[in-house]
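Subject: Structure for you to look at

Hello,

The structure I promised is below.

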Amino acid sequence: MNILVTGGAGYIGSHTCVSLLETGHTVVVADNLCNSRADTLDRVKQITGKDVIFSRIDVTDEAAVNSLFADYSFDGVIHFAGHKAVGESVAKPLKYYRNNIISTIVLAEACQRYGVKRFVFSSSATVYGDNEVPFVESMPLLPATNPYGETKAVCERILIDAAKANPDWSVALLRYFNPVGAHESGLIGDAPDGIPNNLMPYITQVAKGKLDKLRIFGDDYPTVDGTGVRDYIHVMDLAEGHVAALDKLTSGVHVYNLGTGQGTSVLQLVKAFEDANGMKLSCAIVARRPGDIAECYANASKAKRELGWVAKRDLLEMCRDAWRFEKNFMGSCLHS
Ligand code: NAD
Ligand code: UFG
């Protein structure tokens with residue numbers, strides 16, 4: 001299939017381009033590079049030996065999106081493009097609502113206009129809110145605790161309604177848990193701008209000596225050891241989940257958790273990182289981070305049952321691959 005990948009120069013998008021190309025799909029990336037660099041796509045080509053067409057456009061720009069759809073005959077769209085920093089979304093909610101929601105509407109309208117019937121959307125486990133674990137797709141969603149999460153819930157709603165009005169559409173709403181790690185080549189990975197918000201890139205930067213110590217946000221949660229529990233999933237497993245969704249989708253809207261189903265605490269992840277890479281990390285327990293929940297992990301059985309997809313890579317692989325990317329590449333390829 002010929003797939004439009006919006007946000008394909010970003011972290012999850014670039015890994016998904018690798019999976020798509022390796023399974024015989026062709027890829028056109030639309031990205032405005034607001035949180036990525038074009039040379040990531042050169043490394044995607046290096047890994048796969050295949051070409052990627054790149055269009056530097058803003059996918060909220062209706063004219064630019066229409067002209068892309070007119071130029072290429074797409075069989076489907078995977079929509080990754082969006083802003084994703086939870087804290088920034090609280091400070092700049094309009095920036096988040098504008099980018100994340102308008103891009104989804106513009107792309108869905110273009111699909112309607114140009115007869116493109118497959119749409120895969122990057123949603124997030126954040127739409128479950130502080131529900132009971134494990135999170136299962138059929139649960140009623142709780143209100144998001146921040147504008148970023150709200151944009152994901154709104155986009156899901158928009159796509160559900162658009163699919164109702166277009167019964168021949170196949171839409172996948174993929175709720176990601178916590179993507180970590182990098183392609184095993186170490187050529188592409190998570191390259192956050194400035195000080196990372198997320199745990200794994202923070203850990204790799206402490207390991208490299210860029211940051212002095214990991215601050216662990218709270219050790220008094222009702223969890224196995226008091227620290228927050230998340231469902232970490234290797235980004236290549238996540239990427240393969242997109243290919244499975246694209247290949248297996250039938251008409252209608254289908255919601256899938258993409259997680260491992262395993263909860264891991266902050267202290268357990270730190271230990272796994274130390275064991276995987278033979279090093280010791282400097283850590284300090286500090287106060288809870290506002291807005292964090294105690295536990296978040298998936299019931300991942302629906303994706304297994306309906307898509308034949310399961311996450312295969314374990315925590316040690318996630319830690320090894322995250323460190324390989326940081327060690328080899330991050331010095332030279334940080335965002336400006
Ligand atoms: P990322 O920032 O690395 O990638 C997003 C890409 O979209 C970037 O390359 C950016 O330049 C591009 N982009 C943003 N707005 C654009 C626009 N208007 N037009 C064109 N390009 C635009 O983020 P990521 O981690 O790869 O996340 C991809 C998607 O997955 C996002 O929608 C994010 O909300 C969602 N998600 C991510 C996580 C996570 O932990 N990384 C978890 C759940 C959901
Ligand atoms: N944590 C620390 N220290 C840090 C960073 C994080 O102790 O420096 C802890 C957090 O308190 C939490 C865990 O590590 O317990 C994971 O935190 P992340 O920031 O890596 O991830 P979150 O689960 O908070 O959020 C991520 C994405 C969101 C997405 C959500 C749900 O950043 O965009 O997963 O899938 F919505």
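The model is a predicted one, so please read every value here as computed from it.

Helix 1 itself covers residues 11–22. Its twelve residues should span 16 Å at 1.5 Å a residue, and the 17 Å between its end C-alpha atoms agrees with that. Eleven of the twelve residues are buried, which leaves the helix mostly covered. Among the buried ones are Tyr11, Ile12, His15 and Leu20.

Helix 1 packs with helix 2 (residues 39–48): the two axes come within 10 Å and cross at roughly 30°. Because angles under 35 degrees count as roughly parallel, helix 1 is roughly parallel to helix 2. The crossing is right-handed. On the helix 1 side, the contact is made by Ser14, Cys17, Val18, Leu21 and Glu22, and on the helix 2 side by Thr40, Val44, Ile47 and Thr48. By class, that contact has five nonpolar, three polar and one charged residues.

Just after helix 9 comes another glycine with a positive phi, Gly278, at about 60°.

Regards

Terms used
Residues are numbered from 1 along each chain as its sequence is written. Chains are lettered from A and ligands numbered from 1 in the order in which they are written. This is a predicted model: local features need pLDDT of at least 70, side-chain atom pairs count only at pLDDT 80 or more; totals for chains, interfaces and linings use all residues. Side-chain values use heavy atoms; hydrogens and water are left out. Axes are lines fitted to C-alpha atoms, for helices over the stretch in contact, and angles run from 0 to 180 degrees between N-to-C directions. Helices (H or I, at least four residues) and strands (E, at least two) are DSSP runs, numbered from the N terminus. Angles under 35 degrees count as roughly parallel, over 145 as roughly antiparallel, 65 to 115 as roughly perpendicular and the rest as oblique. A crossing is left-handed if the near helix is turned anticlockwise from the far one by less than a right angle, and right-handed if clockwise. Contact means heavy atoms within 4.5 Å. Ala, Val, Leu, Ile, Met, Phe, Trp, Tyr, Cys and Pro count as nonpolar, Asp, Glu, Lys and Arg as charged, and the others, Gly among them, as polar. The expected span of a helix is 1.5 Å times one less than its number of residues. Buried means under 20% relative accessible area, exposed over 50%, partly exposed in between (1.4 Å probe, protein chains only).
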